[in-house]
Each structure stands twice: as C-alpha cells, then as structure tokens.
Amino acid sequence: MKGRFAFFPRSMLILGGAIFAFLFLYPFFGEEFRVSMLGMFLCFTILAMSVDLIWGFVGILSLGHAVYFGMGAYFVALSLKISYASVNPTRYGSGIPDFM
C-alpha cells in the first residue's frame with residue numbers, strides 16, 4: 001500500500017479535483033442562465049444518484065426521495081407566488097396570493 005488513497009489512481013483524483021474546482025468556481029464567472037441550469041442539473045443528479053444507491057445496493061424502492069423533492073418544488077413555487085403577489089396586486093387587490 002503506497003499511501004492513504006492507493007485505492008484510486010492518481011489521474012482519477014486529479015480529474016475529480018478539477019471537476020470539483022470547476023463546479024465550485026463556475027457560479028462566480030458563468031452567465032446567470034447557465035448557472036441556474038447547472039444548479040438544476042446538479043439537483044437532478046443528486047436525486048438520481050440517491051435513488052440509484054438505495055435501489056441498486058440495498059434493493060428497496062424508497063419514494064421518500066420523491067416526496068422531499070416534490071415538497072421542495074412546491075415550496076419554491078409558493079415562495080415565488082408570494083414574492084410576485086407582493087409586487088403585483090392579486091385579483092382581489094391585496095398583497096396576499098389567491099391560494100391563501
């Protein structure tokens with residue numbers, strides 16, 4: 001055993017570090033649209049990898065991931081609707097969205 005990370009080849013560690021550095025630094029230099037797309041792709045990647053790991057290695061189908069993912073999307077939509085209603089009056093002329 002040569003070192004602590006002898007399980008991984010040196011080129012794999014360098015490539016992983018370069019990808020991590022790119023993903024960390026890209027929001028500071030990228031365009032707004034591409035940064036939001038990267039965030040969406042990373043979010044879907046985390047969801048897909050978590051479902052793959054729990055279903056592939058453990059052998060159980062867990063729909064808890066989908067529930068939390070859907071709840072997050074629902075709450076983001078609610079917050080966007082609330083922020084929109086605070087600037088634009090709703091149907092009844094108040095700053096409270098119609099669903100409330």
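1. Aromatic pairs. Four aromatic pairs turn up in a search of the whole structure; rings of Phe, Tyr and Trp (its six-membered ring) pair if their centres lie within 6.5 Å. In one of them, Phe 44 and Phe 69, the ring centres lie 5.5 Å apart and the planes meet at 45 degrees, so the pair is tilted. Planes under 30 degrees apart would count as stacked, over 60 as edge-to-face, and the rest as tilted. This pair links distant parts of the chain: Phe 44 sits in helix H2 (residues 32-58) and Phe 69 in helix H3, 25 residues apart. Phe 44 is partly exposed at 41% relative accessible area. Phe 69 is partly exposed too, at 28%. Buried means under 20% relative accessible area, exposed over 50%, and partly exposed in between (1.4 Å probe, protein chains only).

2. Model and confidence. This is a predicted model: local features need pLDDT of at least 70, side-chain atom pairs count only at pLDDT 80 or more, and totals for chains, interfaces and linings use all residues. Residues are numbered from 1 along each chain as its sequence is written, and side-chain values use heavy atoms, with hydrogens and water left out. The protein chain averages a pLDDT (the predictor's confidence in each residue, from 0 to 100) of 80, and 82% of the residues score at least 70. Helix H1 (residues 10-29) has the highest confidence, at a mean of 89, and helix H3 (residues 64-87) the lowest, at 80.

3. Fold elements. The protein chain has three helices and zero strands. Its order from the N terminus is α-α-α. Helices (H or I, at least four residues) and strands (E, at least two) are DSSP runs, numbered from the N terminus.

4. Burial and contacts. Of the 100 residues of the protein chain, 5% count as buried. Of its contacts (heavy atoms within 4.5 Å) between residues at least 6 apart in sequence, 6% join residues at least 24 apart.

5. Surface. Accessible areas come from the Shrake-Rupley method with a 1.4 Å probe; for residues, only the protein chains shown count as cover. Phe 20, Phe 24, Leu 25, Phe 28 and Phe 29 make a nonpolar patch of about 670 Å². Patch residues have over 30% relative accessible area and no salt bridge; nonpolar side chains (Val, Leu, Ile, Met, Phe, Trp, Tyr) are joined within 5 Å, like charges within 9 Å. Phe 28 belongs to helix H1 and is exposed, at 61%.

6. Salt bridge. The whole structure holds one salt bridge, defined as a side-chain nitrogen of Lys or Arg within 4 Å of a carboxyl oxygen of Asp or Glu. Arg 34 and Glu 31 form it, at 3.9 Å from N to O. Arg 34 is partly exposed at 49% relative accessibility, whereas Glu 31 is exposed at 53%.
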